[in-house]
Every structure is written in structure tokens, then in C-alpha cells.
Amino acid sequence: MTDRHAKGMEVRRAVLGDAHVDRAEAAASPLDAPFQRLITEAAWGTVWASDALTRRERSMVTLALLAGLGNHEELELHLRATARTGASAEDVMEVFQHVAIYAGVPRANSAIRIAKRIFAEMEDNE
């Protein structure tokens, strides 16, 4: 295991939680193992591990990109991660205002609908 992979696993667990990472690792197969290694090293061990942005800021950027591109499954995952990144529900709504202007109202509307559901689920599980 490389240092970047080890750091990536550390950051991935800190942001997404042990349960998610354990499920992803258990579901990995020889077919997608190279992809799992790539995202662990590149996304988590390089981009998310950088201290150029705070985790809160990086979370908000990620949410904007996912919402703007319509990646709803990943959006749900990263909305749940706000509990660990420090991005508040108010921060998320500000991000989605930007999405509305720069990526389109339908994308922001979908993202807000998803966020309301995810945040309600998170409150219910507290």
C-alpha cells in the first residue's frame, strides 16, 4: 500500500464514515479494484488530503459540482458527509443558489429536493 493510498483511506473514512468505506471495500471485486484504488489515491489521497481548502470548503465545492452535473447518487453520499465536514444545511442551500444561477434551476431544484430528504433522514437518525 502506498502512502497516498493510506492517506486516502484515512481521509475517506473521516469524510464518508467507516460504515460507507467498509461497505465499498467489501463490495470491491477484481474487476473494480483498480478503480477503487484510483479514487482512494487520487480523490481522497491527493485532492481531499490537500490542506489548500478546508474540508467544509471542499465539501461545498463537491456538492456544487455534483448538483450541477446531476450526479444524484454521489450527491446523497456527500450530503450525508456534511455531518463530518462541517458544512451546514445553510451552507448547502447557498451552494445550491449558485448551482441555480450557473448550472440551471432544474439541477438546483433537484439537489434541494434531495438535500431536504437527506437532512430529514439525518435528523431522524440522531
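Predicted model: local features only at pLDDT ≥ 70, side-chain atom pairs only at ≥ 80, totals over all residues.
Which residues of α5 are buried?

**Entry: helix α5.** I found α5 at residues 72-85, a run of 14 residues. From its first C-alpha to its last I read 19 Å, close to the 20 Å expected at 1.5 Å a residue. I then listed its buried residues: L75, L77, H78, L79, A81, T82 and T85. Next I looked up what covers them, and the cover includes α1, α2, α3, α4, α6 and α7. Just after the helix I noted G86, which takes a positive phi of about 95°.

**Entry: α1 against α5.** I picked α1 (3-16) from the helices that cover α5. The two axes lie 7 Å apart, and the packing angle is about 95°. An angle of 65 to 115 degrees counts as roughly perpendicular, so I wrote down α1 and α5 as roughly perpendicular to each other. On the α1 side the contact is made by A14, V15 and L16, and on the α5 side by L77, H78, A81, R84 and T85. Sorted by class, I have 5 nonpolar, 2 polar and 1 charged residues in this contact.

**Entry: R12.** I stayed on α1 and looked up R12, which is found in that helix.

Note on methods:
Residues numbered from 1 in each chain as written. Heavy atoms only, no water. Helix = DSSP H or I, 4+ residues; strand = E, 2+ residues; numbered from the N terminus. Expected span 1.5 Å × (residues − 1). Buried < 20%, exposed > 50% of the residue type's maximum accessible area, 1.4 Å probe, protein only. Contact = heavy atoms within 4.5 Å. Axes fitted to C-alpha atoms, helices over the stretch in contact; angles between N-to-C directions. Parallel < 35°, antiparallel > 145°, perpendicular 65-115°, else oblique. Nonpolar A, V, L, I, M, F, W, Y, C, P; charged D, E, K, R; others polar.
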